[in-house]
Amino acid sequence: MPPRRDRKLARYLRTEVAAYSSYWRTSLAVSLDRVPPRSLAELAGAAPMLVLRPTVAAVYHFGARRLAARTAWSRLWGRQRAVNDRSLVPHFKPVLWVTADGVPIGSSEADVDRLARIGARWLRDAGVGPDDVVVSILPQGPDLAWWQVVAGCRRARLSAMHVGRDATASAVAALEPTVVVGLPMDLVRLFADSGADGAGRPRPRLVLAVGRPIDDGLRTRLMAAAAAPVLSAWAPPGVRALWVECAGGPTTGLHTWAAAEVVELIDPLTGQAAPPGAGGEVVWSPLGWRGTVMLRLRTGVFATIEEGHCPVCHRITPRLSVSGTTPRFFDVLDRHPDITGWQAELRTVDGVEELVVFLSTARHDRLQPMLKELDNVLSVTQFVVLPQDQIDRRVAEADDARVVDLRT
Ligand SMILES: [Zn+2]
């Protein structure tokens, strides 16, 4: 890590996180690597304690010296309220909450501003310009993707309309968007919903598939349906700003935000840092974010990392090539040439774990050999072959999840 960023991180951990969060105060005595990596589920129980709450006593004892001095001075003059309003409230008071897998994540006014700046930068690097018309079909709600798109478009002064996920293809087409934003499976449905003649189909020059990871198969399908390049932006739950593809697309990887986060790769078994150049599980820490602070969040995402300049957008930031968010069957099913869609369901039946895979194929003539091939490499309890539209519906009903975990 460059020394300047190292100092910034140390200052953030000492004068903000350890100072204003009862949860982190004790474990942060030395440095970030003393904090054990924890999953979102493990941190969820402590969510209220993860919020930075600068009380007068905490500012005085632990906070940054300048703020402490100002607080002491103003107390002398009875102006604590003014310091609160000017220095503490805008930076620390959570004013916007989103949920990440059901866990509430608070952001201060300064955080929302920062998300807007990051969002605007993302859109610029994706090639969205002042003449573009953006239509977003993201579901409205307490969701990071929604807010990053809304705040980013506004900060970038783009002409944008956030129409929600129920908008029909012809309603979207009537707005003549040059850029369409949405959850990947919603976009598939939008571009499929235009009739055989394609009369009501939106014709954007760029599609941003946001909020969920997309795999190669889904990207190809979406590009063909939209007749436009598709760029991805998403982050695992708990991360404060989406990781994004620039105009370079999948070849340049998902760009993280070096000034706003620390991304590490660990060996998931030992919890130790992955060897340089090797892949590992992404462990994420915020840098400078207030509100809810989750240090060393285990994301369950497996990736390799590339440092240095991006050859397309020239940003210097770690870029991730994500190899999967789930076990091997994800990869096998995605890459199988005969499979056009799939969803897996994990269940417990009489205490035994079962994996049921629902799939669709265009090659019914090859069905038996295909299932045999899959059976050789996957330990699947049962395959269920369905028409593609039923697979799509199942995925949509599961909020776009490709793996549904019903284990008890
Ligand atoms: Zn780039």
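Tutor: Donors are N, O and S atoms within 2.8 Å of the metal. Please keep in mind that this is a predicted model.

Student: Which residues are the protein donors of the zinc ion?

Tutor: They are Cys 246 (SG), His 255 (NE2), Cys 310 (SG) and Cys 313 (SG), lying 2.1 to 2.3 Å from the zinc ion.

Student: And what spacing do the donors follow along the chain?

Tutor: The spacing is C-x8-H-x54-C-x2-C. Within this set, His 255 and Cys 313 link distant parts of the chain, being 58 residues apart. His 255 belongs to strand S10 (residues 254-255), whereas Cys 313 sits in the loop between strand S13 (297-306) and strand S14 (319-324).

Student: What is the geometry of the site of the zinc ion?

Tutor: The site is tetrahedral, with angles of 103 to 116 degrees among the four donor atoms.

Student: Is Cys 313 buried or exposed?

Tutor: Cys 313 counts as buried because its relative accessibility is 15%, and buried means under 20%. Cys 310 is also buried, with a relative accessible area of 0%. His 255 is buried as well.

Student: How many disulfides are there?

Tutor: The count comes to zero disulfides.

Student: Changing topic, what volume does the second largest pocket have?

Tutor: Its volume is about 930 Å³. The pocket is lined by 36 residues, and the closest to its centre are Met 1, Pro 2, Arg 5, Val 262 and Val 263.

Student: Which elements give two or more residues to that lining?

Tutor: These are helix H1 (3-20) and strand S11 (261-266). H1 gives the most, with eight residues.

Student: How do the lining residues divide?

Tutor: The lining of this pocket has 19 nonpolar, six polar and 11 charged residues.

Technical notes:
Residues numbered from 1 in each chain as written. Predicted model: local features only at pLDDT ≥ 70, side-chain atom pairs only at ≥ 80, totals over all residues. Heavy atoms only, no water. Donors = N, O, S within 2.8 Å, 3.2 Å for Na, K, Ca; no water. Tetrahedral: all angles 85-135°; square planar, octahedral: opposite > 155°, others 65-115°. Helix = DSSP H or I, 4+ residues; strand = E, 2+ residues; numbered from the N terminus. Buried < 20%, exposed > 50% of the residue type's maximum accessible area, 1.4 Å probe, protein only. Disulfide = S-S within 2.5 Å. 1 Å grid on protein atoms, 1.4 Å probe; cavity = no way out; pocket = protein on both sides within 12 Å on 5 of 7 lines; lining within 4 Å. Points joined across faces, edges and corners; volume = space filled by probe spheres on them. Nonpolar A, V, L, I, M, F, W, Y, C, P; charged D, E, K, R; others polar.
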